[in-house]
Amino acid sequence: MDISVIIVNYNTPKLTVGAIESILKSKTKYSYEIIVVDNHSSDNSVHIIKGKFPNVAVIENKQNVGFSKANNQAIKLSKGRYILLLNSDTIVKEDTIEKMIEFMDKNKKVGASGCEVVLPNGELDRACHRGFPTPEASFYYLVGLARLFPKSPRFNQYHLGYMNLNEPHPIDCLVGAFMIVRREVIKQVGLLDEQFFMYGEDIDWCYRIKQAGWEIYYCPFTSIIHYKGASSKKKPFKIVYEFHRAMFLFHKKHYARKYPFIVNYFVYMGIAAKFILSVIINIFRKIGG
């Protein structure tokens, strides 16, 4: 098996069906398997997916175990030389799997890679092209210096906007919506960290992959559509909470020991302030209907 495509589903049967159909339309010489992990959907997701795709393996969880753990369940059962994490709200092009495997086969030092991820409005999903969220990079991003100086390597460390987005090149981290990882890399660095429920696990994985000496590449010669943000901007508290908890976990795990107390203090206070502000904004959006 060349590649194992893993999709986590949670109450998104229409999107998941669309993602699977786009994979099945792929024009590729490579063999693949599709594994769907359903995180205890409250709708008829499992029935729909099994009915439409009898050859797709479906893991049915009895509770929502989160994105990291669900992917890990599938990785343990997978057979591919490569693992592709693919969001349920994505559509791959016919050449995406073919071109990405060809790239990985030709570049043996690359441990993980991702393609161009495009939003429905045609804009780049900047999460697919990132630097690590160091305190410095995060500060420049949050205060707006990255936006003011988009071509500055110093001020735009967060989204690496100064790089040529039309050519393949190494970056720090990819997005879990589309990430291809070598099997031997996973054997070396381990599975996704299940402390991260639904955010941050991709950045953490990329950090560990690079720490182990592997390269991570952004490959704009093919693309996918990511329907991120296509639904309402009103977010459940759980999502807002997990997003900010992931920031805290990542810094504590990888950076806290590298920085003095005062830096860590301001990082944690900044995360807390951003969380409170996000909750307030979300409440007003709900009130506004």
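A residue is called buried when its relative accessible area is under 20%, exposed when it is over 50%, and partly exposed in between, with a 1.4 Å probe and only protein chains counted. The model is predicted: local features need pLDDT of at least 70, side-chain atom pairs count only at pLDDT 80 or more, and totals for chains, interfaces and linings use all residues. Residues are numbered from 1 along each chain as its sequence is written, and side-chain values use heavy atoms, with hydrogens and water left out.

**Annotated regions**

Helices (H or I, at least four residues) and strands (E, at least two) are DSSP runs, numbered from the N terminus. UniProt positions follow the numbering used here, with shortened feature names, and the annotations may be inferred rather than shown by experiment. An unreviewed UniProt entry gives "domain: Glycosyltransferase 2-like" for residues 4-189. This span is 33% helix and 22% strand, and its end C-alpha atoms lie 18 Å apart. The feature "transmembrane region" is placed by UniProt (unreviewed entry) at residues 265-284. Over residues 265-284 the chain is 100% helix and 0% strand, with 29 Å between the end C-alpha atoms.

**A nonpolar surface patch**

Patches consist of residues with over 30% relative accessible area and no salt bridge; like charges are joined within 9 Å, and nonpolar side chains (Val, Leu, Ile, Met, Phe, Trp, Tyr) within 5 Å. Accessible areas come from the Shrake-Rupley method with a 1.4 Å probe, and for residues only the protein chains shown count as cover. F261, I262, Y265, F266 and M269 form a nonpolar patch on the surface, and together they have about 580 Å² of accessible area. Of these, M269 is found in helix α10, residues 261-287. M269 counts as partly exposed because its relative accessibility is 42%.

**Helices and their cover**

Helix α1 (residues 13-24) has 12 residues and reaches 16 Å from its first C-alpha to its last, close to the 16 Å expected at 1.5 Å a residue. The expected span is 1.5 Å times one less than the number of residues. Buried in α1 are P13, T16, V17, G18, A19, I20, S22 and I23. These buried residues pack against several elements, among them β1 (3-9), β2 (32-38) and α4 (96-106).

Helix α5 (residues 135-142) has P135, A137, S138 and Y140 as its buried residues. Their cover includes α6, α9 and α10. Just after α5, G144 takes a positive phi of about 95°. Y158 lies in the loop between α6 (145-148) and β7 (169-170). Contact means heavy atoms within 4.5 Å. Apart from neighbours within four places in sequence, Y158 is in contact with H129, R130, G131, P133, A137, S138 and Y141.

Helix α8 (residues 201-211) is mostly covered, with nine of its 11 residues buried. The buried residues include W205, C206 and R208.

**Salt bridges**

Side chains of opposite charge can pair when their charged atoms come close. A salt bridge is a side-chain nitrogen of Lys or Arg within 4 Å of a carboxyl oxygen of Asp or Glu. By this rule the count comes to 15 salt bridges.

| Salt bridge | N to O distance |
|---|---|
| E102 and K29 | 3.1 Å |
| K99 and D95 | 3.1 Å |
| E242 and K238 | 2.8 Å |

What does the pair E102 and K29 tie together? E102 lies in helix α4 and K29 in the loop between α1 and β2, so the pair links parts that are 73 residues apart in sequence. E102 is partly exposed at 27% relative accessibility, whereas K29 is exposed at 60%.

In the second pair, K99 is partly exposed with a relative accessible area of 33%, and D95 is partly exposed at 25%.

E242 and K238 are separated by about one helical turn, because they are four residues apart in helix α9 (residues 237-254). An α-helix has 3.6 residues a turn, so residues three or four places apart point the same way. E242 is buried, with a relative accessible area of 4%, while K238 is partly exposed at 40%.

A network of salt bridges links D193, D204, R208 and K253. D204 and R208 are also among the buried residues of α8.
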